[in-house]
Amino acid sequence: MPTSRSATVTGLTLCLGLGLTGCSAHLTTASTVPEPPPESVAVTPPPGEPQEDQAVVQLEQRHRHHHHGGLTRFISMSLDTLGVEDEKRPQVMRLQSDLEACLTPAREIEQGLLMTLADGIAVGAIDKSRVDGITDSLEPAVAAEKDCSATALDQLHAVLSPSERIALAEKVRAHFEVWREVNYQERAAAGGRIPRLGRLARELNLTDAQVQQIQASLPLAMTTQDGTFKRRQAEERLSEFATAFVNDRFEARTISSYENREIGLYGTKRMVLFYEAVTPALTPPQRQQLAEQLREFASRPPAVSQN
Amino acid sequence: MMHARTTTLRRALFASVAALSLVAPAAMAQQFQVSVGFPPFGFIATTPPVYYEGRPHYYYSNRWYYRDGSAWRYYRQDPYYLRNYYGSHHLHGPQRYYYGRGYGQHYYYRR
């Protein structure tokens, strides 16, 4: 019996020891892998940046007014700053042109929409039936983008190195997060701050009364909107795409998550609702200024980067 | 009868400890994951990375950052390649990409 008890204690000690060893190994691994570079430390976020970053401000403006293309557009924009090796640049630029070509039908419809909104804002009344007609025509154009861009995306995957694929997936995620922050106004429905309105208030020098008037009418407008943005679903799709893209084998057509419709249409509808709510609260000079701004956004050509 | 019950108890204890030893490392490691949105998404979307050791790196607020799973990390002591990257490429810092009027222009990052 003592022998048996001793064996039990030894066994338990061994088992616990193995567990702690595993634990220790795991802790070491978690704080340093994979392949720890010299002297690296985990990050805690520092205080926010005091001054505005103009590159980010301009990016946010772009994401506020151009929604067509969804994920494909985020991929194309990510190529602007991917920083690929010199010898790959011509190929990457050609593939970015191919992606942009697939986005052209939806982009032209969106330009028409922005011009229509600008005309309506200038005279103080947006033509809702005309705007709805344009928005409806956007849907098939956005739906066609996936098939059109699949080949270019497959070729892009083949051209990029594993680390460039990681960077691209990270940038697509970053564009999505910026787009979501400036367009997804869930907080507005709960009476929270509307990011887009804050920017507009600064640009047009809106009074507090004007801001309150717009703020009050926006949640009402949004509750009457058809469809809602499924944030969790969008994030899961994005993660699925990112995971697939960093793999060695990739085939765009087989990825169900590679989907532009939700981001493209949701963003467009929200943009329309926003300007419909804003227009009645503006003075004539403010309306002219905003209309000019939208015309300017509409007229910007698609860019193919020099990266 | 008594012996059988004791054996059963011992086996159950063994199984519990063994299971704990397998689960505990993963559970404890979770506490050490650092998951922060930094550098900001807007910065990542407008700045080309520098590739080093198979990872994209971003120079932000005077530090080189890279992603490690769900965490961002920086170097206490910058590797030579990164420390000299911009100087050796005749740059003052990261290029930024601007989407304003006439976009597609690059400027050098200063902070």
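This is a predicted model: local features need pLDDT of at least 70, side-chain atom pairs count only at pLDDT 80 or more; totals for chains, interfaces and linings use all residues.
Reader: How many helices and strands does chain A come to?
Author: The secondary structure of chain A comes to 13 helices and 1 strand, and from the N terminus on the order is one helix, then the strand, then helices through to the end.

Reader: And what share of chain A is buried?
Author: Of the 307 residues in chain A, 36% are buried. As for the contacts in chain A with a separation of 6 or more, 83% of them are between residues 24 or more positions apart.

Reader: Let me pick one helix, α5 of chain A; what should its 16 residues span?
Author: Helix α5(A) covers residues 128-143, and at 1.5 Å a residue it should span 22 Å, which agrees with the 23 Å between its end C-alpha atoms.

Reader: Which residues of α5(A) are buried?
Author: The buried ones are A:V131, A:L138, A:A141 and A:V142. Because they cover an arc of only 90 degrees around the axis, they sit on the same side of α5(A).

Reader: What do those buried residues pack against?
Author: They pack against four helices of chain A, namely α3 (70-79), α4 (89-123), α6 (145-159) and α12 (261-278).

Reader: And which exposed residues are on the face turned away?
Author: On the face of α5(A) turned away from its buried side you will find A:S129, A:D132, A:G133, A:D136 and A:P140, which are exposed.

Reader: How far does α2 of chain A reach, then?
Author: Helix α2(A), residues 54-65, has 12 residues and reaches 17 Å from its first C-alpha to its last, close to the expected 16 Å. Its buried residues include A:A55, A:V56 and A:L59, and also A:E60, A:R62 and A:H63.

Reader: Moving to chain B, in which sense do β3 and β4 pair?
Author: Strand β3(B), residues 63-68, and strand β4(B), residues 71-75, pair in the antiparallel sense over 4 bridges. Within this pairing, B:D68 stands opposite B:A71 in β4(B).

Reader: What happens between the strands of that hairpin?
Author: There are 2 residues between the strands, and in this hairpin B:G69 takes a positive phi near 65 degrees.

Reader: One more residue: is B:Q95 buried or exposed?
Author: B:Q95 lies in strand β5(B), residues 95-98, and it counts as buried because it has 20 C-beta neighbours inside 10 Å.

Reader: How far apart are B:Q95 and B:E53?
Author: In sequence B:Q95 and B:E53 are 42 residues apart, while in space they are 21 Å apart from C-alpha to C-alpha.

Definitions and conventions: Residues are numbered from 1 along each chain as its sequence is written. Chains are lettered from A and ligands numbered from 1 in the order in which they are written. Two strands pair if DSSP finds at least two bridges between them. The expected span of a helix is 1.5 Å times one less than its number of residues. A residue is buried if 20 or more other C-beta atoms lie within 10 Å of its own, exposed if 12 or fewer, and partly exposed in between; C-beta atoms are placed from the backbone. The arc is that of the directions from the helix axis to the C-beta atoms. Two residues are in contact if their C-beta atoms, placed from the backbone, lie within 7 Å.
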